[in-house]
Amino acid sequence: MESFKFAFILKLMLKLFGITNELSKILQTKDLNIVLAMELVDDVKARLAILRESGWNDLFSDVQEFCFTQSIPVPNMDEEIPVRGRSRREGRTVTNLHHYRAEIFYVAIDKICVEMDHRFCEGSNFVLDCFSCLDPKNSFSKFDVDKLSRLANIYHADFSDDDRGTIREQLETYVHQVKRHASFTSCEDVQSLAMKMVQTEKHLVFPLVYKLIELALILPVSTASVERAFSAMKIIKSNLRNKINDVWFNDLMICYTEREIFKSLKDVDIIRTFTAKKSRRGHLPVNFI
């Protein structure tokens, strides 16, 4: 921990985590805001590109200052060292500068960029961009009928031929109506838009538009929720409890993954609801419920 290499990697990781922090947080939230996520993806990619092109000098100066404060010796960047993974007998060497800049600095940034390009490829970005047109902010300023109607072709299994033929007209009527409907001015995101449509029964008037909103809400932009679910499965269904049937297991999963909601419920209300479902042989004491 008192070596220059450790200090260099520490400072590099702090820099990278600082750039990707907001994007990582928003991708792990359950109520994912697609518009904010897409804006952050572009911003993070741009910052990573700037860091790779012109961020070396500032980072290296920061590491040097840190090492000087902590009395950590800084190696000579022009000194040659054996190539990593090669035998010393081969005689192949590189400078410390090449090792830290090309083999660590560039590689770390490139790996993050490759992962982001894989997760947010051109096709995924187009779909996300289309769904972002549902954003109700600024009186549905981003609403684009052409992009939203193309989603019906992309999700062809969810829309029939008749649906794909009529969705454009329904979108036109929908946007005209919600723009002049006072109750929709309070909507800030797609989640609140979906709730407002159900409250005003617009989901019955515009079923195809509401189906697009539903698809936007379940869009798998992040695997955080899935990973949490698998972690919960390992906790609940252990080697000692490996014969739980699917119904009981599903109920336990809901209670565990949504435990924050269940914590807000009173035990007395749960007991009363359970008791009122059907008559039982044993009855809980009256003073208990």
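Leaving aside its neighbours within four places in sequence, which residues is lysine 196 in contact with? In this predicted model, lysine 196 touches Ser183, Phe184, Ser186 and Cys187. Lysine 196 belongs to helix 9, which covers residues 190–199. Although lysine 196 is buried, it has no salt bridge. The nearest side chain of opposite charge is that of aspartate 189, 11 Å away.

Elsewhere, the count of salt bridges comes to 7.

| Salt bridge | N to O distance |
|---|---|
| Lysine 11 and aspartate 62 | 3.8 Å |
| Aspartate 129 and lysine 147 | 2.7 Å |
| Aspartate 146 and arginine 168 | 2.7 Å |

Aspartate 146 lies in helix 7 and arginine 168 in helix 8 (residues 161–179), so this pair ties together parts that are 22 residues apart in sequence. Aspartate 146 is partly exposed at 44% relative accessibility, and arginine 168 is partly exposed at 36%. In the pair formed by lysine 11 and aspartate 62, lysine 11 is buried, with a relative accessible area of 18%, whereas aspartate 62 is partly exposed at 33%.

A nonpolar surface patch of about 430 Å² is formed by Ile254, Ile261, Phe262, Leu265 and Ile270. Within this group, leucine 265 sits in the loop between helix 14 (259–263) and helix 15 (267–277). Its relative accessibility of 43% makes leucine 265 partly exposed.

As for cysteines, a search of the whole structure finds 0 disulfides. Cysteine 113 is partly exposed at 22% relative accessibility, and cysteine 255 is partly exposed at 36%.

Conventions. Residues are numbered from 1 along each chain as its sequence is written. This is a predicted model: local features need pLDDT of at least 70, side-chain atom pairs count only at pLDDT 80 or more; totals for chains, interfaces and linings use all residues. Side-chain values use heavy atoms; hydrogens and water are left out. A disulfide is a pair of cysteine sulfur atoms within 2.5 Å. Buried means under 20% relative accessible area, exposed over 50%, partly exposed in between (1.4 Å probe, protein chains only). Patches are made of residues with over 30% relative accessible area and no salt bridge: like charges are joined within 9 Å, nonpolar side chains (Val, Leu, Ile, Met, Phe, Trp, Tyr) within 5 Å. Accessible areas come from the Shrake-Rupley method with a 1.4 Å probe; for residues, only the protein chains shown count as cover. A salt bridge is a side-chain nitrogen of Lys or Arg within 4 Å of a carboxyl oxygen of Asp or Glu. Helices (H or I, at least four residues) and strands (E, at least two) are DSSP runs, numbered from the N terminus. Lys and Arg count as positive and Asp and Glu as negative; His and the chain ends are not counted. Contact means heavy atoms within 4.5 Å.
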